[in-house]
Amino acid sequence: MKKIITIILILTTFGTGLMCILSRITKDTKAPVISVPTEMITYEEGSDQSVLLAGVTASDDRDGDITQNVRIYDIAVMEDGKSAQIIYAAYDSSYNLGKRFRTVGYKAKRKEAPITDDMYSIINDNIDDGNQNLSEEEEDTEEEVEPGYEDPVMESDGDPVIKLSRHELTLSVGDYFDTMSVIDDIVDDKDDRDALFNRVNLEGDYDMKKAGEYELEYYVTDLEGNESNRAKLMLIVED
C-alpha cells in the first residue's frame with residue numbers, strides 16, 4: 001500500500017512539473033517586430049504625426065500583422081535641433097512591447113513675432129472691459145468634470161499616475177478595440193514606463209458585437225503594489 005501511495009505521489013509531482021514546463025514553453029514572450037521606411041523625411045514641430053507613421057508596419061510571430069497597434073512612443077529632438085529620434089512602440093495580444101528607433105529631419109515651429117508696446121496699446125484699446133472677467137453667475141455655471149474623466153497632473157508622489165489620450169471612443173459593431181491605444185502616458189516615482197505599461201489593468205465589460213455605451217476604468221499598480229488613479233473611458237459601439 002505504501003508503495004502505491006509513493007508511486008502516486010511521484011506521478012503527481014512529475015505531472016505538475018511537466019505542466020509547468022509546457023506552460024513556460026507555450027507562453028508568448030516574444031515582442032513584435034516594427035519595420036520603418038528607409039527614406040529620409042522631415043517632421044515639423046506640432047504638425048500631424050501621421051507623416052511619421054506612413055509606411056511603418058509591425059508583425060508578430062503569433063498575431064501576424066499588427067500594424068494597427070503601432071504608436072509613436074516618443075519624439076526626442078537631437079542637440080543640433082535639426083534632427084529627431086522617433087521611438088515607435090507596438091504591443092501584441094500578450095502585451096509584449098516591441099520598439100524601433102528612427103532618425104528623421106526636424107524643423108522647429110516658427111515663433112511668432114513678439115507684440116510691441118504700440119501693438120499692445122492698440123489691442124488693449126479695443127478690448128471691452130466688461131468682457132475681461134467672468135461674472136459670478138458664469139463662474140457658478142462652469143461644468144464640473146466627473147471623477148475619472150479629468151486629466152491628472154503627471155507627477156508621482158509615490159503612487160503611479162495614468163492619463164488617457166481621450167475619454168470617449170466611438171467604434172462600430174465588429175471593429176477591433178485596441179485597449180492600449182487610448183493610454184497617453186504613465187509615470188511613477190520609481191518604476192519606468194515599460195514596466196508600468198505591462199501592469200495596466202482594465203475594469204468594465206464591453207461587447208464589440210453589440211451596440212451600446214460601456215464605461216471602462218484604467219488603472220496601474222507599480223512593483224510595490226501602489227495603485228494609480230482611475231481613468232475612465234466611455235466606449236460607444238454603434239451599429
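Which element gives the most to the lining of the largest pocket? In this predicted model, where local features need pLDDT of at least 70, side-chain atom pairs count only at pLDDT 80 or more, and totals for chains, interfaces and linings use all residues, that element is β5, with five residues. Residues are numbered from 1 along each chain as its sequence is written, and side-chain values use heavy atoms, with hydrogens and water left out.

**Largest pocket**

- The largest pocket holds about 460 Å³ of space; a pocket here is an open set of points on a 1 Å grid over the protein atoms alone, where a 1.4 Å probe fits, with protein on both sides within 12 Å along at least five of seven lines, and lining residues have an atom within 4 Å of a point.
- The volume is the space filled by probe spheres set on the points, which are joined across faces, edges and corners.
- Of its 21 lining residues, Arg71, Ile72, Tyr73, Ile183 and Asp184 are the closest to the centre.

**Aromatic and charged contacts**

- Phe177 and Tyr206 form an edge-to-face aromatic pair, 5.1 Å centre to centre with 80° between the planes (ring centres of Phe, Tyr or the six-membered ring of Trp within 6.5 Å; edge-to-face means planes over 60 degrees apart).
- Phe177 is buried at 6% relative accessible area, whereas Tyr206 is partly exposed at 32% (buried is under 20%, exposed over 50%, partly exposed in between, with a 1.4 Å probe and protein chains only).
- The charged end of Arg193 sits over the ring of Tyr73, 4.2 Å from its centre (CZ of Arg or NZ of Lys within 6 Å of the ring centre and within 35 degrees of the ring normal).

Conventions
Helix = DSSP H or I, 4+ residues; strand = E, 2+ residues; numbered from the N terminus. Phe/Tyr/Trp six-rings, centres within 6.5 Å; stacked < 30°, edge-to-face > 60°.
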